[in-house]
Amino acid sequence: MLMSNKESSFTTPYLTFSRQQWAALRDSVPMTLSEDEIARLKGINEDLSLEEVAEIYLPLSRLLNFYINSNLRRQAVLEQFLGTDGQKIPYIISIAGSVAVGKSTTARVLQALLSRWPEHRRVELITTDGFLHPNAVLKERDLMKKKGFPQSYDMHRLVNFVADLKSGASEVTAPVYSHLIYDVIPDGDKVVQQPDILILEGLNVLQSGMDYPHDPHHVFVSDFVDFSIYVDAPEDLLQEWYINRFLKFRKGAFTDPDSYFHHYAQLSEEEAINTATQLWREINWRNLKENILPTRERASLILSKSANHAVEKVKLRK
């Protein structure tokens, strides 16, 4: 039986799978990534094993391939009805979740797997960090301590980006964010040319009108997304992962003199833990509770993680 005993079809719009049940849905999909490739795909603070890719991400890539094929058939029907050749419209997958939950790793793994299906589709990956307002604007609006909150994004530009892609535009550009300088790179736009699949990863990709009362507009990123994923984990683990990541950055990226956070490299371990805990509680936890977690049930699929970033449960919208 696919659904857990605790959840019936009358109480949830989701089918719930244990890790073992989900892994069985891989069917005969072959592993197309080597252990070395998987090691390069994982984040700085994550354990990503061959087993995790095989049991969680290969079944997911199989499901997405079914959805994408179905979407292409629907497009062909519309073109036949209209008597047109049609434009190339990308299939958009969004990935949401808290800071430090592992969204970027999920996005990179899916990009690698989906691009290696026999159809050899071209898969682009864009993060919504690039659509943050530049630091100069955030400072002017006193929003530096609310980076990642709805008001810190140029949502009009982000919505226009996905809308242009969905309209079949031959070429669109996306701003690029640097975690080293903690800012959008001036004149660093990335050109995106009609991909078959676009993976859009960010804190805000499931948000809608109720999240932007300060900036009302009629359409949102979620209106253009074909399949959405929310990467979930208990709050205590998220805080632990955030602090551990901060400690690793303190010994790595923060040691670069060009790093915006270079001053943190001089902290003792105790000071670093206290600083990271404060940053988590005052900024990231607040954003999670107020703006990110409330969007979870809008997702097509929820990946629920436990210790070591291992997915223990998958919920798929019916």
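Glycine 97 touches Lys103, Gly202, Leu203, Tyr230, Val231 and Ile292, leaving aside residues up to four places away in sequence; contact here means heavy atoms within 4.5 Å. The model is predicted, so local features need pLDDT of at least 70 and side-chain atom pairs count only at pLDDT 80 or more, while totals for chains, interfaces and linings use all residues. Residues are numbered from 1 along each chain as its sequence is written, and side-chain values use heavy atoms, with hydrogens and water left out.

Glycine 97 belongs to strand 2, which covers residues 91–97. Strands (E, at least two residues) and helices (H or I, at least four) are DSSP runs numbered from the N terminus. With a relative accessible area of 0%, glycine 97 is buried; the term buried denotes under 20% relative accessible area, exposed over 50%, and partly exposed in between, using a 1.4 Å probe and protein chains only.

An unreviewed UniProt entry lists Gly97, Ser98, Val99, Ala100, Val101, Gly102, Lys103 and Ser104 under "binding site". UniProt positions follow the numbering used here, feature names are shortened, and annotations may be inferred rather than shown by experiment.

The buried residues are Lys103, Thr105, Thr106, Ala107, Val109, Leu110, Ala112, Leu113 and Leu114. At 1.5 Å a residue, helix 4 should span 16 Å, and its end C-alpha atoms are 16 Å apart, which agrees; the expected span is 1.5 Å times one less than the number of residues.

Other parts of the model are exposed. Phenylalanine 81, in helix 3 (residues 50–82), counts as exposed at 69% relative accessibility. Together, Leu78, Phe81 and Leu82 form a nonpolar patch on the surface with about 360 Å² of accessible area. An α-helix has 3.6 residues a turn, so residues three or four places apart point the same way.

Serine 28 lies in the loop between helix 1 (19–24) and helix 2 (35–41), and is exposed, with a relative accessible area of 63%. Serine 28 and leucine 198 are 170 residues apart in sequence and 25 Å apart in space, C-alpha to C-alpha.

How values were computed:
Patches are made of residues with over 30% relative accessible area and no salt bridge: like charges are joined within 9 Å, nonpolar side chains (Val, Leu, Ile, Met, Phe, Trp, Tyr) within 5 Å. Accessible areas come from the Shrake-Rupley method with a 1.4 Å probe; for residues, only the protein chains shown count as cover. A salt bridge is a side-chain nitrogen of Lys or Arg within 4 Å of a carboxyl oxygen of Asp or Glu.
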